[in-house]
Amino acid sequence: MIKKLLIFVLVLTLCMIVVAPLAAGAGASGTIPLEPGPVIIDTTTDTTAPTLTEPITEPTTEVTITVSPVGSEKGWIDVYGNVDGATVYFDGNAKGTITGGILSVAVASMGTPIQTITVSKSGYTQWAGGLSHMPSANEHVAVYATINPLTTIPTTIPPVTTGSIYTQSNPNGAAIYLNGNFQGYAPLSIPDLYPGTYSMKATLSGYTPDTAIINVYAGQTATYYPVLILSPQPRQTGTVYVTSNPNYASVSVDGTYYGKTPLTLSLYPGSHKIAISLAGYNDYTTYVGVAAGQSQNLPVTLSTAIFGSFTLTSVPGATVYMDSAVVGTTNSAGNFRQTGITSGNHLFKVTASGYNDWMNTVYIEANTVTSISASLTPKGSSPTPVPPTGGLAIASSPTNAAVYVDDLPRGNTPLTVTDLVPGDHVVRLSSDGYLDYTTTTTVTSGQTAPLAVTLTVAPTPTSTSSPAPTPVLVVGVLAAALLIEGYMRRRS
């Protein structure tokens with residue numbers, strides 16, 4: 001009995017030795033252990049410990065996926081500049097210099113948008129601007145930058161102080177013009193204007209234009225407040241077709257110059273005074289009655305003139321001789337005018353106390369006012385001082401009108417005339433497409449008086465056909481035809 005018990009313990013010990021390593025191997029290989037059950041001892045089983053092997057691992061394939069960063073596609077910003085060597089900055093970061101007139105910078109098409117591009121170089125003004133849009137992939141976006149050399153103002157010349165004009169129209173939105181140049185729509189401020197006189201104009205559809213002359217002073221803001229009035233309904237007109245022999249005679253209606261013959265006048269109904277003049281011919285004047293919607297002809301043959309006139313300018317109180325005879329003295333403005341002078345050459349002499357005599361031969365043209373300037377020089381080693389002169393600052397709307405002072409051409413507006421003797425002077429302004437403007441203004445010694453003029457647009461000539469035959473003429477022609485026919489029948 002004891003012998004059998006020892007054998008049983010021995011077998012049980014051997015089984016535990018064999019099962020322990022197998023249990024450890026099963027855990028390493030991931031084998032799920034069996035539920036414990038009754039132990040069956042097989043005495044025929046080899047009791048040698050089994051050989052353990054490494055678990056078999058399935059091979060795996062590693063896949064690498066590369067994701068491109070957003071905005072990696074490239075476009076280009078091409079900066080064109082007028083000065084080589086200028087540095088280009090994108091949002092304050094330097095990107096390079098312009099060479100051969102261009103700098104091309106590659107940028108990410110979907111990157112952060114560039115807000116400001118700056119181009120600068122020492123000694124030049126700086127340029128700054130923006131992009132119209134960021135370039136897409138492979139797109140070129142052009143930027144054009146212009147920088148100019150810095151100008152140095154000499155320290156001996158103080159900078160000019162400017163003024164400005166502020167304009168507000170009633171109603172709002174009128175187009176504003178300064179010296180004929182469009183500036184914008186009211187309300188509007190026009191800065192950086194040099195001191196002086198400016199011609200202003202305001203226009204608005206359906207309203208009568210407004211014009212004014214505005215004076216600008218340094219450091220001040222002048223105001224222009226045009227009040228526009230609704231345009232009146234157009235009035236019906238009649239026409240007068242004026243011809244002359246010879247042609248190119250000047251035509252004036254009611255004292256206003258309209259043009260040269262042949263000329264079609266569009267006039268409002270009523271009686272009008274028409275004057276026709278031509279150098280070398282006598283003036284022609286007549287009155288014409290104009291009816292609305294009707295046309296008429298005015299043929300004029302001018303007769304040769306034999307008389308002319310002259311205007312002489314010298315010192316005030318000077319004695320004027322013509323052909324050795326005294327014809328008068330100059331007024332306080334130094335002017336003298338004489339009419340009814342036979343055309344041809346005449347000898348003129350001007351004398352005044354304290355001055356040397358002036359003498360010259362002048363040709364007086366028929367039916368023309370001839371201007372004569374007789375400048376006297378003081379006598380002696382200590383000559384009497386020449387009286388001081390005054391001037392006129394003349395501005396017009398529109399500008400560039402021809403200016404005549406005492407029938408002498410002096411230039412175009414805006415114009416300042418500074419050599420006028422004190423007294424009254426006749427000023428005439430003339431411009432194509434506008435009626436002539438004539439006025440008499442007084443000049444004061446040592447002062448420059450302003451004269452602002454707004455010219456009136458001349459009526460546009462329109463062509464017209466000859467008037468239709470009158471009913472009386474038609475009846476006369478028919479009667480003559482009937483008489484001729486009756487006479488021929490009696491002869492046959």
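Student: Is Y248 buried or exposed?
Tutor: This is a predicted model, in which local features need pLDDT of at least 70 and side-chain atom pairs count only at pLDDT 80 or more, while totals for chains, interfaces and linings use all residues. Residues are numbered from 1 along each chain as its sequence is written, and side-chain values use heavy atoms, with hydrogens and water left out. Buried means under 20% relative accessible area, exposed over 50%, and partly exposed in between (1.4 Å probe, protein chains only). With a relative accessible area of 60%, Y248 is exposed.

Student: Where does Y248 lie, and what is its phi?
Tutor: Strands here are DSSP runs (E, at least two residues), numbered from the N terminus. Y248 is in the loop between β17 (238-245) and β18 (250-253). Tyr is a residue other than glycine, yet the phi of Y248 has a positive value, near 65°.

Student: Which loop holds N179, and what is its phi?
Tutor: The loop that holds N179 runs between β9 and β10 (181-185). N179 is partly exposed, because its relative accessible area is 22%. N179 too is a residue other than glycine with a positive phi, near 50°.

Student: Which residues of the largest nonpolar core touch the most other members?
Tutor: A nonpolar core is a set of buried Ala, Val, Leu, Ile, Met, Phe, Trp, Tyr and Cys residues joined through side-chain atoms within 4.5 Å. The largest one has 20 residues. The members that touch the most others are I77, F90, I117 and V119.

Student: Which residues does F90 contact, beyond its neighbours within four places in sequence?
Tutor: Contact means heavy atoms within 4.5 Å. Once the neighbours within four places are left aside, the contacts of F90 are I77, V79, K95, V105, V107, I114, T116 and I117.

Student: How many residues does the other core have?
Tutor: The other core lies apart from the largest one. Its members include L312, M322, F336 and Y355, and its size is 18 residues.

Student: What kind of aromatic pair do Y80 and Y144 form?
Tutor: Rings of Phe, Tyr and Trp (its six-membered ring) pair if their centres lie within 6.5 Å; planes under 30 degrees apart count as stacked, over 60 as edge-to-face and the rest as tilted. The structure holds six such pairs. For Y80 and Y144 the centres are 5.1 Å apart and the planes stand at 15°, so the pair is stacked.

Student: How many residues apart in sequence are the parts that this pair ties together?
Tutor: Y80 is partly exposed, since its relative accessible area is 31%, whereas Y144, at 59%, counts as exposed. Y80 belongs to strand β1 and Y144 to strand β7, so their pair ties together parts whose separation in sequence is 64 residues.

Student: What kind of pair do F182 and Y185 form?
Tutor: Ring pairs link Y177, F182 and Y185 into a cluster. The ring centres of F182 and Y185 are 5.2 Å apart and their planes stand at 70°, so the pair is edge-to-face.

Student: Which residue in β35 stands opposite Y404?
Tutor: Strand β32 (residues 402-405) runs antiparallel to β35 (residues 423-430), and four bridges join them. A402 has S430 as its bridge partner. Opposite Y404 stands R428.

Student: Which residue forms a salt bridge with R428?
Tutor: A salt bridge is a side-chain nitrogen of Lys or Arg within 4 Å of a carboxyl oxygen of Asp or Glu. A search of the whole structure finds one. At 3.5 Å from N to O, the side chain of R428 meets that of D436.

Student: Which residue in the hairpin of β35 and β36 takes a positive phi?
Tutor: Seven bridges join these antiparallel strands. The hairpin has six residues between the strands, and the positive phi, near 85°, is that of G433.

Student: What is the omega of the cis peptide bond from T413 to P414?
Tutor: P414 lies in the loop between β33 and β34 (415-420). The bond that joins T413 to P414 is cis, with omega near -5°.

Conventions:
Pairing = 2+ DSSP bridges.
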